[in-house]
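Please read the following report alongside the sequence and the model. It takes up salt bridges, then helix geometry and packing, and lastly the confidence of the prediction.

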Amino acid sequence: MEASQTIALYQPTLQAIALKMLGCMADAEDMVQDTFLKWLSVDHDSIENNKSYLVKAVTNNCINHLNTLKKKKDECLENLSAVELFAKYKDTDFAKFDLENELSEAWQHLQKRLEPVEKAVFVLREIFDYEYEELQHIVDKKKDNCRQIFSRSKEKLSIKSKKLKTDLSQQSRLLESFKFSCAMGHPSEFIADIKKEISSKKLF
């Protein structure tokens, strides 16, 4: 079988595998192209089964690519505080970009460091640009107190963290409503949920 025929025959299969592993069409296409380029450079007489060889090769390429991305991400997170991570999202269109993992990293850090009221003030002020006059009515605190809470929250979140572990299976309702509010451009759902958390905290 000609090389061009082999490529035409197995390209859809390899691309489907790469896309499933990477979740990104552009990256999948790059991995498939790299796989075929390497395949073209080897002695085909030494390959017993081209399909098995190509499937294994593209799978290994995808694994190596994911490991490289993870390493770069971990190195980046080591040098970013939660405040800087959230600032990064401020002007981002959540409907167009897949930031699930990074957002979960930052949110988990926020959940560990801040109390419900601090969380409400920080997110509404930092992400949605709420004024202190508006915040005092939402969290039932005086304006000056809200200013102090915001400052204290930023200090807590600015403490460097070596690595932030992600557990997507334990994302809270607050995180989901936060993402929805970002997509809609208005934090009404987030405000409703954060108020519930603040109220439940007062009961204990």
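Lys154 is partly exposed, with a relative accessible area of 28%, where partly exposed covers the range between buried (under 20% relative accessible area) and exposed (over 50%), computed with a 1.4 Å probe on protein chains only. This is a predicted model, in which local features need pLDDT of at least 70 and side-chain atom pairs count only at pLDDT 80 or more, while totals for chains, interfaces and linings use all residues. Residues are numbered from 1 along each chain as its sequence is written, and side-chain values use heavy atoms, with hydrogens and water left out.

The side chain of Lys154 forms a salt bridge with that of Glu126, at 3.9 Å from N to O; the term stands for a side-chain nitrogen of Lys or Arg within 4 Å of a carboxyl oxygen of Asp or Glu. Because Glu126 belongs to helix H6 (residues 116–126) and Lys154 to helix H8 (residues 143–158), the pair ties together parts that are 28 residues apart in sequence. Helices are DSSP runs (H or I, at least four residues) numbered from the N terminus. Glu126, at 10% relative accessibility, counts as buried. In general, side chains of opposite charge can pair when their charged atoms come close.

A second bridge joins Lys143 and Glu133, at 3.4 Å from N to O. This pair links distant parts of the chain, with Lys143 in helix H8 and Glu133 in helix H7 (residues 132–139), 10 residues apart. Both partners are partly exposed, Lys143 with a relative accessible area of 30% and Glu133 with one of 38%.

Asp144 and Arg147 also form a salt bridge; as they are 3 residues apart in helix H8, about one helical turn separates them. Arg147 is partly exposed, at 37% relative accessible area. Glu118, Arg152 and Lys156 are linked in a network of salt bridges, and the count for the model comes to 8 salt bridges.

| Salt bridge | N to O distance |
|---|---|
| Glu126 and Lys154 | 3.9 Å |
| Lys143 and Glu133 | 3.4 Å |
| Asp144 and Arg147 | 3.0 Å |

Helix H1 (residues 3–22) has a kink of about 45° at Tyr10, shortly before the proline Pro12, the bend being the angle between axes fitted to the seven residues ending at a position and the seven starting there. Among the buried residues of H1 are Thr6, Tyr10, Leu14 and Gln15. Gly23, with a positive phi near 70°, follows this helix.

The largest nonpolar core has 28 residues, and those with the most contacts inside it include Val123, Leu124, Phe128 and Phe178; such a core is a set of buried Ala, Val, Leu, Ile, Met, Phe, Trp, Tyr and Cys residues joined through side-chain atoms within 4.5 Å. H6 gives the largest share of this core, 6 residues. A second, separate core of 13 residues includes Leu14, Ala18, Leu22 and Ala28.

The mean pLDDT of the protein is 79, with 74% of its residues at 70 or more, pLDDT being the predictor's confidence in each residue, from 0 to 100. Among the elements, helix H2 (residues 25–40) has the highest mean pLDDT (92) and helix H4 (residues 82–89) the lowest (58). Over residues 94–98 pLDDT stays under 50, and the model has 4 contacts for them beyond four places in sequence, a contact being heavy atoms within 4.5 Å.

Terms used: Helix = DSSP H or I, 4+ residues; strand = E, 2+ residues; numbered from the N terminus.
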